[in-house]
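Subject: Structure for you to look at

Hello,

Here is the structure I said I would pass on. Please open it first, then read my notes below.

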Amino acid sequence: MANKQTQFQSLVNSIPKNIFAGFVVSLIALPLGLGLAIASEAPPIAGVISSVVGGILVAILGGSNITITGPGNGLVVVLLSAITTLAAGDLQQGYLYTLAAIVISGILMFALGAFRMGILSDFFPSSAIQGMLAAIGIGIFAKQLHVMFGYTNVQGSTVDLLIEAPDAICNFLFDNHNNFIAGIIGILSLLVMICYSKIRNRYFQLIPAPMWIVVFAVGYSYYYELILQQPYPVSKDLLINLPDKVLSNLAFPDFSILLQGNFINVVISITLISSIESLLSIKAVDKLDPLKRRSNVNRDLKALGIASSISGLLGGLNVVTVIARSSVSANNGATNRWANFFHASFLILFIVLFQEQLTRIPLPALAAILVYTGYKLASPKNISKIFGIGKEQLVIFLTTLLVTIFTNLISGILAGIVITFVIHTILNKSIGFFIRNLFKPNVLMYKEADEKENYYVSVVNFCSFLNYSKLKSKLDQIPAHEDVIVDFSRCSFVDHTVMENLHNYIQTFTSKGGHFEVIGLDLHGANTNHPFALRRISASKRMASRNLTKRQKSLRFVAQDFNWSYKPSRSKPFQFLHDFSYFKTKKIRKVKNIMTNGECTLFDVIYTEGEFIAKQVIRSTMIHVQLKSPLPLFTLDRDGLFEFFYHLVGYKDISIEGHPDFSKRFFLHGHNQKEIETFFTNELVLFFESNTYYHIESTDNGLLIFHKERLASVKEIKAMSDFAMRLRNTIFKKAKKTKSLQEC
Amino acid sequence: MFNAQLIFVHVGEHSEEKEGLLQSILKEGNEAAKNAKLLFQSGDPVEVILNVCALEKIDLLILGALQKENIFKYYVGSIARKLTRKAPCSVLLLIKHSVVRIPCKHIVVNGLKNPKTAETIAKSFYVSQKLGCKKISIIEEITQGEIHVKVNDDISLRRATIAKQKLTKREDIRVKDILDTIEAPLKSEIQIKTQSIFGKRGYSIGHYARVVRADLLIMNAPNKTGILDRIFPHDMEYILSELPSDVLIVKENVFQRR
C-alpha cells in the first residue's frame, strides 16, 4: 500500500515537469504539423489533428514512456503521392480517399501489434533503411525547396523537381515577381533553422527553432498591419488556410475505392513506413529515457494503430512515433507519457486561441523547416558515414535510395533487401550456406553455472538481418543489469545490421549498469576500420589484422591503462607454452592479442586437439606469469575437468594439511608431494580460497592461468590480470620471507 | 569393454577376399574382436541391418555417420538416419573414427521431462563408468512456451526472469530425483553438472554439446517422425542433421522387455 502511495506521489510530482516538456514540444509540433500536412497537399489542420489524437490516445493506451506521437516525416512522400494520384489529380477527393487508407492502415497496425509483429522491423537491413530514409528526405527537400521560394504550384516526380531546382532559384533571383518577399521569409527561416543550434543562449534555446520562425513570421505580418499600416506583401494563397470553425468542418474519409489496386498499394506503403518509422523511433527514444525503461513495442503499435484510425476518421494524418519531437521532450525533462498528453492539450489550446494568428504564417516559412529536415535525412554526412562502414553498405544504400526515388518506397526497400542478400552471398561465395542455415535455430543462451552467473550466448553459422530476430529474441530476455557475453567464434559471418544492433545493446546495458560484450570476432576480417563493419571469416588474414575489433581496441586501451604493451598478433606462438602439461596433447596454432608487462603476459591462444576428423579448434584466453624463484610442478583445478588426464599419468590429488576446505574444493596434482606441500603455505591457500577460481599450472619458472576453454571478455581479462599480478606478489613475498629465514 | 559379443554386418555379396580382409582387421583387435561374428547378406542396407538386429537380439547398433548432411539427403534420409529411427535397440552414431581411442572426457545427457529420461540418465552413468568418463552434464531443455510470460517491457521481463528461476529450480529438483534413484557405485568419481537451457528442444542440447566440446551426447529415443517433421524440424532432427559429437540414442530394448 505504501508503495502505491509513493508511486502516486511521484506521479503527481512529475506532472509539472511533464507539463513544461509538453509545452515546449507543442511549440515545435504546431509548425511541424502544419508544415507536414501542407507538404502532403492535405489541409494544414490535418497535421494538427493527427498530433492531438495521437498525443491523447497513445498517452493513455501506449506502452512507451517518453515518446511523442504525431504526423511523421517519412509519410510525407507516400501521402503526397496518394493524395495527388488516388483521385487523378483532384486534391480534395484524393485527400478523402487517403483518409480511408489511413483508417485501414491504422487497423493493420493494430493487428501488427496484436500479433506481436513488432519484430518485423528487424528484418530490414539497416543500410537499406538508411537509404529509404534518405530517399524520403530527398523527396521532401525537392518539393519544399520550390515552396520555400514561393512557387507552390510545381508538380512532378522527385527527379523532375530536383532538376528544376536551379531554374527556380534563378527565377527567384532575377525575375521581378510578387513572391519575392515570401521567398525572402523562406530563406530567412532556413537560416534560423541552420543557425539555431549554433547560438548557445539559454533564453533563445528555450523556444525551439520552428516556433521562432512562426513568431517572426507572424510578428512581421503584424508589423505591416499595425505599424506600417500597409497590406501584407505575401499573397493570400501563400498563407495558411484554416477552416473558420475547426471543430465543425472535419473531413470524413471516402471508402468507395476500397478494393482498387493502387488504394491497397497506398495502404501497404503507409502501414510499412509508419510502423518502421515508429519502431525505429521507439528504439532510439528508449536510449534517451532518464529512467532507463524498456518500451512495450507491441502495445505501442496497437495504440498507434487505434490513434491513426481515429485521426483518419476525423480528417487527420497518420499517427507515428517521431524521434525529433520525442528528443526535444526528453531534453526538456519529460519523464512519462503525460508529456505527450500535455503536448496534445496545448495544441488544442493554440488552435482555439490563436486561430487568427496562425493564418498569418506564410507557407515558405514552414517549407524552410521541411527543407531543413529533408536535408538532415539525406545529408552527405550520412553517406560518408555509410561509406566509412564499407563499400558494400554504400551499394546497398544507393540502390535503395535510387530505386525508391525512381519507383516507390515498397520497391525501394525490397530492392535494398535483395541487394543486401546478393552482396552477402557474393562476399561469402556461397548461396547454399545461407539457404541451408536460414531457418535453423542458431542461437544458444544459458546462464553459466559458476559463481559469476553471467549469461553466455553462442551464435553459429551466420548472423545477418535475415535471422537477427532469433538473436534479438534471446538477448531481449536478459535483464539489462546482468553480464552478457556474446560469442561469435563459431559463426562465420556477421553483417552490419547485427553489428549495429549489438552496439545498441552495449549502450543499453552500460546505461543500466550491466555489461555486454562481444567476443570471438578477432579472427573475422573486415574491410574497414569501422566498428559496425560486417565481419566474415572468409576474409584474408591481412584484413583481419588490419582492422581491429571493438574487443581488440578495448584491450589496447586496457593495456595502456595498466602500462602494459599490446600487440594484436604475433607471427609465432610462444615457446614456453609447450612446457605446460595442458598443452602436451594439443597443437598451438596461433597466439593473438598479446598484452604484457614483462612478467605477466596475457594472450588469446588458438589450439587444436585431436587430429583429422577428431580435430577440434579451441580458443581460450590465458595469462602466463614469469617467476624468478623455482616452482614445484603442480596443477590446481577445481571442477576436475582435467583430473582424468592426470590419473593416467600417475598424478594424484594432494591434500594440504590443516586446510580440509581447500583440499575439498580444489584438485591439486603434482609429482613431488613434499615440495608442493611446502610451497602451498597458509597465505597462498588463503589467497586461492578467497579469490575466484582459475585453472593454474606451473613449470619450473612460470605459471599458466586460465578460466574457461573459451575466449574471455574484456571484463574477465581485467579480473584475470589483476588476479595474476596479486598471485605473483603473494608468491614473491613468500619467496623473500623464506630467503630471509634461510639467511637467519 | 561391455562384455558383449560383436557382430559385424556387411551388406553385399559374400566373397573370400572380403572375409579375409575383415578377419585380418579384426585379428589386430582385442579378445572381443577376435570372437566377433561376421555376417554377409545382400539387399537393401536398412532392411538387412534391421533384420539382423531383430534376429540376433542386438542391444546396441553402432553406425558411422556423416557430420553434416546435404539438402537432398536431409529430406530423403541417409541410411544412418533411417536406421536411427527404425532400429529396435539403442544406436550409437560415430562421427569421429579414429584408430587410437580418444578418451571420452565429457558426456552430455538430456534431462527432458519425459518418461524415457530416467532410463537414459541411468544408462549414461553405466556407459560413462565403462568408458572411464569423469564428467556428466545433464541438460534440462525448457521450451520458451513454459514460461507463460511474453517479454514486452521491464515488468514482464522481471516476471519472466522469476518464472525462469522457478522453472530452473523445478527442473533441477526433478533431475535430482532421478539421480537419487541411481546406485552410488555408478555415480562414484563422476562429476555431475546440471544446466538449464531455455530454447528450442533438441537444438539447444546439440549446440551446447558443441560449445562445451562434449565427447558423447546421449539422448532419449525420438517418437515416430515423418517427412513433415523434417520440413518443420524439431527435437532429434536438429541433432541428426548436424551431429555435434558422437551420439548415443537410448532405446528401451524390445527384446529385453520380452
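The domain assignment of chain A gives two entries: domain 1, covering 17-403, and domain 2, covering 436-547. Please keep in mind that this is a predicted model. The C-alpha centres of domain 1 and domain 2 of chain A are 36 Å apart. Where these domains touch, domain 1 of chain A contributes 14 residues and domain 2 of chain A contributes 17 residues. On the domain 1 side of that contact, helix 5 (126-148), helix 16 (380-389) and helix 17 (391-406) of chain A each supply at least two residues. By type, the residues on the domain 1 side are 5 nonpolar, 5 polar and 4 charged.

Now for the chain as a whole. Chain A contains 28 helices and 15 strands. Its C-alpha atoms fill a box of roughly 110 × 60 × 50 Å along the principal axes. Of the 744 residues in chain A, 47% are buried. If you take the contacts in chain A between residues at least 6 apart in sequence, 76% of them join residues at least 24 apart.

I looked at helix 4 of chain A against two other helices.

The residues of the contact between helix 4 and helix 11 of chain A divide into 12 nonpolar, 9 polar and 2 charged.

The second pair is helix 4 and helix 10 (residues 261-286) of chain A, with an angle of about 50 degrees and axes 8 Å apart. That angle makes helix 4 of chain A oblique to helix 10 of chain A. Here the crossing is right-handed.

Most residues other than glycine have a negative phi. Glu41(A) is not a glycine, yet its phi is positive, at about 65 degrees. Glu41(A) sits in the loop between helix 1 (2-39) and helix 2 (45-61) of chain A. It has 19 C-beta neighbours inside 10 Å, and so counts as partly exposed. Asn461(A), also not a glycine, has a positive phi of about 60 degrees. Asn461(A) belongs to strand 4 (residues 455-463) of chain A. Because 19 other C-beta atoms lie within 10 Å, Asn461(A) is partly exposed.

Where is Ser473(A)? Ser473(A) is in helix 20 (residues 468-475) of chain A. With 15 C-beta neighbours inside 10 Å, Ser473(A) counts as partly exposed. Ser473(A) and Ser430(A) are 43 residues apart along the chain, and their C-alpha atoms are separated by 27 Å.

Regards

Note on methods: Residues are numbered from 1 along each chain as its sequence is written. Chains are lettered from A and ligands numbered from 1 in the order in which they are written. This is a predicted model: local features need pLDDT of at least 70, side-chain atom pairs count only at pLDDT 80 or more; totals for chains, interfaces and linings use all residues. Helices (H or I, at least four residues) and strands (E, at least two) are DSSP runs, numbered from the N terminus. A residue is buried if 20 or more other C-beta atoms lie within 10 Å of its own, exposed if 12 or fewer, and partly exposed in between; C-beta atoms are placed from the backbone. Two residues are in contact if their C-beta atoms, placed from the backbone, lie within 7 Å. Ala, Val, Leu, Ile, Met, Phe, Trp, Tyr, Cys and Pro count as nonpolar, Asp, Glu, Lys and Arg as charged, and the others, Gly among them, as polar. Domain bounds come from an automatic or database domain assignment. Axes are lines fitted to C-alpha atoms, for helices over the stretch in contact, and angles run from 0 to 180 degrees between N-to-C directions. Angles under 35 degrees count as roughly parallel, over 145 as roughly antiparallel, 65 to 115 as roughly perpendicular and the rest as oblique. A crossing is left-handed if the near helix is turned anticlockwise from the far one by less than a right angle, and right-handed if clockwise.
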